[in-house]
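Biologist: Could you walk me through one part of this protein slowly, as if I were new to reading structures? I'd like a close look at the metal site and what surrounds it.

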Amino acid sequence: MQINERQLAQVNSQIQRLLAADNFYGRRLREAGISHVNTVEDFLNLPYSEKEDLREAYPLGLMACKEEEVVRIHSSSGTTGKPVIIPYTAKDVDDWGEMFKRCYEFAGITNKDRIQITPGYGLWTAGIGFQNGCEKLGAMAVPMGPGNTDKQLQMMMDLKTTVICATSSYALLLAEEIEKRGIREHIHLKKGVIGSERWGEKMRKRISTELGIELYDIYGLTEIYGPGIGINCKYDTGMHYWDDFIYLEIIDPETGKNVPDGEWGEIVITTLVKEGAPLIRFRTHDLSRIIPGECPCGSTYPRIDVISGRSDDMMKIKGVNVFPKQIEEILGTFPELSSEYQIRISHLDGKDSMRIYVEAAGSSDFKALQQSVAASVKSRIGFTPIVYVVELGFLPRSEKKSKRVIDERFQ
Ligand code: ZN
């Protein structure tokens with residue numbers, strides 16, 4: 001999806017803003033001798049930026065406006081190294097709210113809905129983003145935040161909430177609790193807006209069937225506003241994204257070159273109207289593709305496919321490159337297995353080994369199943385893992401994101 005004239009002009013003003021602020025990005029552009037972009041080629045010559053670069057700007061080196069214009073900051077989790085801090089102006093917060101409102105509208109949610117928000121509030125962009133969009137839409141926000149499942153379910157019943165916003169892990173946990181407590185008939189949910197982690201088809205089906213709701217995938221990342229920059233419509237043909245606020249490219253992660261529409265690669269995002277912290281060609285490491293053609297819904301907002309993983313979540317095991325999604329796809333071919341699994345990689349006696357724990361859907365011959373799964377992995381990926389089929393509910397459930405891969409080799 002080539003950059004158009006309007007977007008090019010917008011990138012140009014983002015560059016002028018960065019140069020004037022002489023912030024982290026501004027200095028980088030100045031050093032590269034870039035003062036404007038006039039053509040598609042100019043744009044394609046702009047340097048990429050990485051999360052590492054943004055960390056270097058800690059704490060406020062990304063700020064590209066006067067400090068008195070900043071009304072809020074958000075921060076991405078700093079599990080490794082320093083966090084990234086993104087300053088927002090009042091307009092940035094408003095723009096984000098507009099995008100999020102559009103997401104709800106694409107999901108067919110209206111001001112008559114009651115929206116229970118379970119992602120966390122605070123430094124990160126989750127809960128407050130869902131809240132902002134909800135208020136802009138005029139719907140009733142039920143701002144629960146994560147956890148406290150008893151109270152969560154009580155409010156869901158008493159307030160007759162119609163929309164649940166959650167990570168897929170927490171939506172599954174709630175669905176299982178509702179089933180366990182036999183309270184399904186007191187639940188009035190119609191839709192779920194699910195964000196922030198890759199999830200498989202099996203998990204999706206379980207949540208949607210057990211809760212009896214339509215599910216919508218919302219996309220976004222803290223560095224670029226937060227969740228709300230894209231969502232699927234009811235035709236479920238990928239996620240529409242808002243190309244009046246962001247320009248999105250798909251690149252080959254190895255060569256750094258744009259790939260043709262339809263081909264898989266890494267998502268790179270440039271903000272078009274940001275004031276607090278514009279980002280130029282930010283490498284997200286999320287893997288997707290542009291979906292060519294028009295959506296049956298008639299919207300001209302372009303679409304990307306559901307995120308299939310991250311370019312940096314590749315595991316090297318016994319010299320073989322493996323992506324978690326490959327294992328998930330293999331597990332998905334066994335109807336006797338449920339959606340939850342965990343991969344553990346360790347190094348014993350000079351050799352890598354992979355153990356896969358996966359929950360059964362019902363009662364079956366676990367031993368035979370283990371052997372068929374191991375054989376299937378061997379034939380698709382090239383080595384034999386140790387497979388443990390366990391009972392449904394055996395693996396830990398999370399209120400945030402499930403940890404699917406645990407690499408014990410570097411601990
Ligand atoms: Zn559509």
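Modeller: Here is a walk from the metal site out into the strands around it, with a few side stops at the end.

Keep in mind that this is a predicted model. Let's start with the zinc ion. Four protein atoms hold on to it as donors: the SG atoms of C233, C295 and C297, plus NE2 of H240. They lie 2.1 to 2.3 Å from the zinc ion. How are those donors arranged around the zinc ion? The angles among the 4 donor atoms run from 104 to 116°, so the site counts as tetrahedral, a label that needs all angles between 85 and 135 degrees.

Now look at where the donors sit in the sequence. Their spacing reads C-x6-H-x54-C-x1-C. H240 belongs to strand β9 (residues 239-241), while C295 is in the loop between β13 (290-291) and β14 (303-304), so this pair ties together parts that are 55 residues apart in sequence. H240 and C295 are both buried. For C295 the relative accessible area is 3%, and C233 is buried too, at 4% relative accessibility. A disulfide is a covalent bond between the sulfur atoms of two cysteines. The count for this model comes to 0 disulfides.

Next, the strands around the site. Strand β9 is part of an open sheet of 9 strands, in the order β4-β3-β5-β6-β7-β8-β9-β14-β13, and the pairing is mixed. At the edges are β4 (140-143) and β13, each of which pairs on one side only. Strands of a sheet pair through backbone hydrogen bonds, either parallel or antiparallel.

Strand β7 (residues 214-221) pairs with β8 in the antiparallel sense over 3 bridges, and I218 stands opposite I231 in β8. The two strands form a hairpin with 4 residues between them, and Y225 in the turn has a positive phi of about 70°. Is β8 enclosed or open to the outside? In β8 (residues 226-232), 7 of the 7 residues are buried, so the strand is largely enclosed by the rest of the structure.

Then β9 runs antiparallel to β14, joined to β14 by 2 bridges.

Now some side stops away from the zinc ion. E266 is found in strand β11 (residues 265-271). At 0% relative accessibility, E266 counts as buried. Setting aside neighbours within four places in sequence, E266 has contacts that include E249, I250, R283, H285 and S311. Between E266 and S288 there are 22 residues in sequence, but their C-alpha atoms are 6.3 Å apart in space.

A few backbone details are worth a glance as well. Most residues other than glycine have a negative phi, and most peptide bonds are trans. R281, though not a glycine, has a positive phi of about 45°. You'll find R281 in the loop between β11 and β12 (282-288), and R281 is buried, with a relative accessible area of 2%. K318 also has a positive phi, near 50°. Its place is the loop between β16 (315-317) and β17 (320-322), and at 43% relative accessibility K318 counts as partly exposed. As for peptide bonds, Y58 and P59 are joined by a cis one, with omega about 0°. P59 lies in the loop between α4 (51-56) and β1 (70-75).

One last stop is another open sheet, with 4 strands in the order β20-β19-β18-β21 and mixed pairing. Its edge strands are β20 (386-390) and β21 (405-407), and the twist averages 15° from one strand to the next. Strand β18 (residues 337-348) pairs with β21 in the parallel sense over 3 bridges, with R344 opposite I406 of β21. Helix α11 (residues 366-381) lies across β18, β19 (351-360) and β20, and runs at about 140° to β20.

Note on methods: Residues are numbered from 1 along each chain as its sequence is written. This is a predicted model: local features need pLDDT of at least 70, side-chain atom pairs count only at pLDDT 80 or more; totals for chains, interfaces and linings use all residues. Side-chain values use heavy atoms; hydrogens and water are left out. Donors are N, O and S atoms within 2.8 Å of the metal (3.2 Å for Na, K and Ca); water is not among the atoms, so sites may look incomplete. Four donors count as tetrahedral if all angles lie between 85 and 135 degrees; four count as square planar and six as octahedral if opposite donors are over 155 degrees apart and all others between 65 and 115; anything else is irregular. Buried means under 20% relative accessible area, exposed over 50%, partly exposed in between (1.4 Å probe, protein chains only). A disulfide is a pair of cysteine sulfur atoms within 2.5 Å. Two strands pair if DSSP finds at least two bridges between them. Axes are lines fitted to C-alpha atoms, for helices over the stretch in contact, and angles run from 0 to 180 degrees between N-to-C directions. Contact means heavy atoms within 4.5 Å.
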